[in-house]
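Work through the exercises below with the sequence and the model open. Each task is followed by its solution in steps.

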Amino acid sequence: MSTHGSKQSPKCDNAGIRDGICQKNKVHPEGSSFERVKLAALRRALHSDPVDVAALRKLAFSRGGLLTNEIRRKAWPELLNVNTKDSSCKQNVDIKEHRDYDQVVLDVNRSLARFPPGMEDGERLVLQDELIEVIVRILCRHPQLHYYQGYHDICVTFLLVVGKEVSIDLVSVLSLCHLREFMDETMDRTRHTLNYLLPIIHRSKPALYEFMKRSEVGTVFAIAWLITWYGHVLNNLPNIIRLYDFFLACHPLMPIYLAAAIVLYREDDIMKCECDMPYVHSCLSKIPPSLPLEKLIVDAGDLFVQYHPDQLADDASKWYTERSIQPVRSAPPRKRTNSLYRRAAIFRWRERRTMKLVFRAVLVGICAVAIAALSKSLQWWT
């Protein structure tokens, strides 16, 4: 449990913790020819005057991303155009007074899986306290932003890579652009963003789109992918960090294009399901650990080039209008949990299932009465 509000845990060297994470989660073998060539290119881009941000974007997109956390600590601020040397001083605020403080503490205390396995309890407790501070200080800095469950999954990734103070600066900027739609008081704009997904699938694989449409699965399965930048649904920390390289270098809607790439890649698995919402949702909501991440990143980039968001805007608006169902609209505006969409999406399926069960129960009852009557008749003749 986090130590916020209680006795502090033993002090840890947080830079040392992050360096240890970096060493344990290397993506490429140290000293490989690929790594040497790419690291040289990354350093050239970073040491240029001014920094060659265009080259950094291309390198972050290409195979392996930014390779090391040491590079990311320098490159991520450049990709977001944040001057960390001019970082603002710590705010003189009591974070415990913020409206979302208690919810943040609950979510952080439940986020043990987001920390590297094998981490000492003392190290993890320090990082959890820092994570709470990062989140609430950002929210205090920008009162118009509303916390949502899943935001902590993004913040912890930044914390593990760049540390507390830089995380506050970077995620503050990210929250005002890439994540802004998710931080309204209601989820309306989040729902609209999700509606870019099916038009991409429609244009790429019409048969798969028709199957998903008949199943009424909607886009519920992808909500956790989108609002956590896949941090909540992937178990491999290097893969999560690799995706953050990609997303920081690209258009804010790129997580949607990656979702489309994943769905298209899994077409065979999806089409083998029974064409009904719970079966298709169950298949889609679980991302297999063996997915070829680098291929999917390339596929997502190709989809973006083929179907730019400007081309999809009308289709997304149309889908949004068609899929606006009453259970979601009537939900309390501050119930911003990942289960909200799931409850809304299965509403109609439960109605159908209930009717099926009632029908079956009536049928069983009729059969039981008939069998009882037949049994009495047989007893009379014997």
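This is a predicted model: local features need pLDDT of at least 70, side-chain atom pairs count only at pLDDT 80 or more; totals for chains, interfaces and linings use all residues.

**Exercise 1.** Count the aromatic pairs, then classify the pair Y147 and Y151.

Solution. Step one: ring centres must lie within 6.5 Å to pair, and planes over 60 degrees apart count as edge-to-face. Step two: the count by this rule is 14 aromatic pairs. Step three: the ring centres of Y147 and Y151 are 6.2 Å apart and the planes stand at 85°, so this pair is edge-to-face. Step four: Y147 and Y151 are buried.

Now take the rings of F221 and W225. Their centres are 5.5 Å apart and their planes are at 70°, so they also make an edge-to-face pair. Both residues belong to one aromatic cluster, which is formed by F61, W76, F158, F221, W225, W229, Y230, Y244, F246 and F247.

**Exercise 2.** Describe how helix α7 and helix α13 pack.

Solution. Step one: two packed helices are described by the angle between their axes and by the distance between those axes. Step two: α7 covers residues 151–162 and α13 covers residues 237–248; the angle is about 100° and the axes are 11 Å apart. Step three: angles of 65 to 115 degrees count as roughly perpendicular, and α7 and α13 are therefore roughly perpendicular to each other. Step four: list the residues that meet. From α7 these are D153, I154, T157, F158, L160 and V161, and from α13 they are L237, I240, I241, Y244 and L248. Step five: sorted by class, this contact has nine nonpolar residues, one polar and one charged.

**Exercise 3.** Which residues does A261 touch, leaving out those up to four places away in sequence?

Solution. Step two: A261 has a relative accessible area of 2%, so A261 is buried. Step three: with those sequence neighbours left out, A261 touches L296, D299, A300 and L303. Step four: take A300 from that list. A261 and A300 are 39 residues apart along the chain, and their C-alpha atoms are separated by 5.4 Å.

**Exercise 4.** Over which ring does the charged end of R63 sit?

Solution. The charged end of R63 sits over the ring of F34, at 3.9 Å from the ring centre.

How values were computed: Residues are numbered from 1 along each chain as its sequence is written. Side-chain values use heavy atoms; hydrogens and water are left out. Axes are lines fitted to C-alpha atoms, for helices over the stretch in contact, and angles run from 0 to 180 degrees between N-to-C directions. Helices (H or I, at least four residues) and strands (E, at least two) are DSSP runs, numbered from the N terminus. Angles under 35 degrees count as roughly parallel, over 145 as roughly antiparallel, 65 to 115 as roughly perpendicular and the rest as oblique. Contact means heavy atoms within 4.5 Å. Ala, Val, Leu, Ile, Met, Phe, Trp, Tyr, Cys and Pro count as nonpolar, Asp, Glu, Lys and Arg as charged, and the others, Gly among them, as polar. Rings of Phe, Tyr and Trp (its six-membered ring) pair if their centres lie within 6.5 Å; planes under 30 degrees apart count as stacked, over 60 as edge-to-face and the rest as tilted. Buried means under 20% relative accessible area, exposed over 50%, partly exposed in between (1.4 Å probe, protein chains only). A charge sits over a ring if NZ of Lys or CZ of Arg is within 6 Å of the ring centre and within 35 degrees of the ring normal.
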